[in-house]
Amino acid sequence: MKDLFNGVYKNKRVLITGHTGFKGSWMALWLKEMGAHIIGYSLDPPTNPSLFETLKLEKEIIHIVGDVRDEKKLKETFKKYQPEIVIHMAAQPLVRYSYINPKETYETNVIGTLNVFEAVRETDSVKVIINVTSDKCYQNKEWVYGYRENDPMGGYDPYSSSKGCAELLTTAYRNSFFNPEGYGKTHSVALASVRAGNVIGGGDWAADRLIPDCIRSLSKKEKIYIRNPQAIRPWQYILEPLSGYLWLGALLWINPTKYSEGWNFGPDDENILTVEDIVKKVIHLWGEGEYEVILDKKFYESKLLKLDTSKARFYLKWRPVYNIEIALKETVNWYKEYFNNPENIYNYTLKQLYNYINSAKKENLIWATGVDHGKLP
């Protein structure tokens with residue numbers, strides 16, 4: 001495990017913002033297994049239950065409860081722990097919530113990101129920073145093509161717009177303070193941003209997300225209600241974008257000037273399905289259940305959204321490992337284990353992580369198998 005990603009993360013001090021969230025908890029678990037020293041900075045877990053508390057990650061890392069909007073505390077944390085790599089994942093991540101709380105959404109997703117960048121500017125130990133945004137950062141034209149990294153930023157709703165703003169902020173800071181042309185002269189920071197699609201996997205309990213909504217209903221033997229059945233999304237297993245983020249971070253560490261830009265990490269086209277298709281597959285894997293469509297037009301939600309991942313495939317040699325059938329099976333099986341064998345859930349989660357890595361090795365993906373530095377992409 002410690003040799004993954006060319007062994008870059010072993011003994012590194014890695015600061016994760018948002019480590020108590022769904023993606024942040026999986027990221028913390030993976031980095032811990034690779035021998036990184038993890039500093040987590042985040043609000044309390046956003047849901048009850050939460051993957052962070054289920055896995056008891058508080059005992060495994062330096063766990064700091066803090067808000068990215070609290071600039072003073074954030075800078076004090078950077079100063080005290082002197083991280084070498086920063087993965088910024090803290091965010092208000094929900095579209096519908098952003099309609100109700102737009103100011104909080106912008107303050108967290110834009111000003112919070114600004115505070116992280118300013119903390120990096122004052123901390124000489126930081127060499128790599130990855131800013132995690134969203135596929136929703138693009139100006140969505142509801143077309144059938146995948147969005148490329150150089151397509152215009154946009155966002156219809158406050159959440160999507162805030163992620164577009166965070167991307168523009170990243171570009172401005174990279175041009176002004178962390179410019180690759182000035183690396184080694186005026187600064188020593190490599191900055192990249194990453195955009196992924198709809199992530200699924202065990203341990204997500206967020207409100208207004210399809211898989212958690214399905215599991216909550218199925219576990220209570222209640223009907224699943226879906227509001228936008230024909231919406232098409234790029235579904236991908238939780239570890240797919242994380243492998244992309246970690247591989248990009250390793251490459252930024254090894255070659256700081258080559259990869260400092262924006263990157264998409266999305267699924268293969270056959271994993272781009274409608275909400276209704278996903279619900280039917282989840283019910284089949286669970287073994288029983290039913291659903292009903294209740295159209296809700298109170299809030300606008302995009303109907304079609306795809307990512308073009310050609311850039312990551314060509315330049316990083318990254319690609320997805322699981323198809324949608326395996327991704328959904330792993331996801332539903334995690335929840336079954338949670339309900340049926342809760343005392344074993346930590347080991348089961350680790351087993352799923354190792355299964356994914358072993359599958360990547362069988363596919364000869366270079367982040368899993370290792371590669372001589374001279375042969376890096």
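A residue is termed buried when its relative accessible area is under 20%, exposed when over 50%, and partly exposed in between, as computed with a 1.4 Å probe on protein chains only. By this criterion Cys137 is buried, with a relative accessible area of 0%, and Cys214 is likewise buried, at 1%. The structure is a predicted model, in which local features need pLDDT of at least 70 and side-chain atom pairs count only at pLDDT 80 or more, whereas totals for chains, interfaces and linings use all residues. Residues are numbered from 1 along each chain as its sequence is written, and side-chain values use heavy atoms, with hydrogens and water left out.

A search of the whole structure for disulfides, defined as pairs of cysteine sulfur atoms within 2.5 Å, finds 0. Cys137 accordingly takes part in no disulfide, the nearest cysteine sulfur being that of Cys165, 11 Å away.

Helices (H or I, at least four residues) and strands (E, at least two) are DSSP runs numbered from the N terminus, and two strands are taken to pair if DSSP finds at least two bridges between them. An open sheet of 3 strands, with mixed pairing, has the order 7-9-11; its edge strands, each pairing on one side only, are strand 7 (198–200) and strand 11 (272–274). The twist averages 50° from one strand to the next, with axes fitted to C-alpha atoms (for helices over the stretch in contact) and angles running from 0 to 180 degrees between N-to-C directions.

Strand 7 pairs with strand 9 (residues 232–237) in the parallel sense over 3 bridges, and Ile200 stands opposite Tyr237 in strand 9. Helix 8 (residues 239–254) packs on the sheet, touching strand 7 and strand 9, where contact means heavy atoms within 4.5 Å; the direction of helix 8 makes about 70° with that of strand 9.
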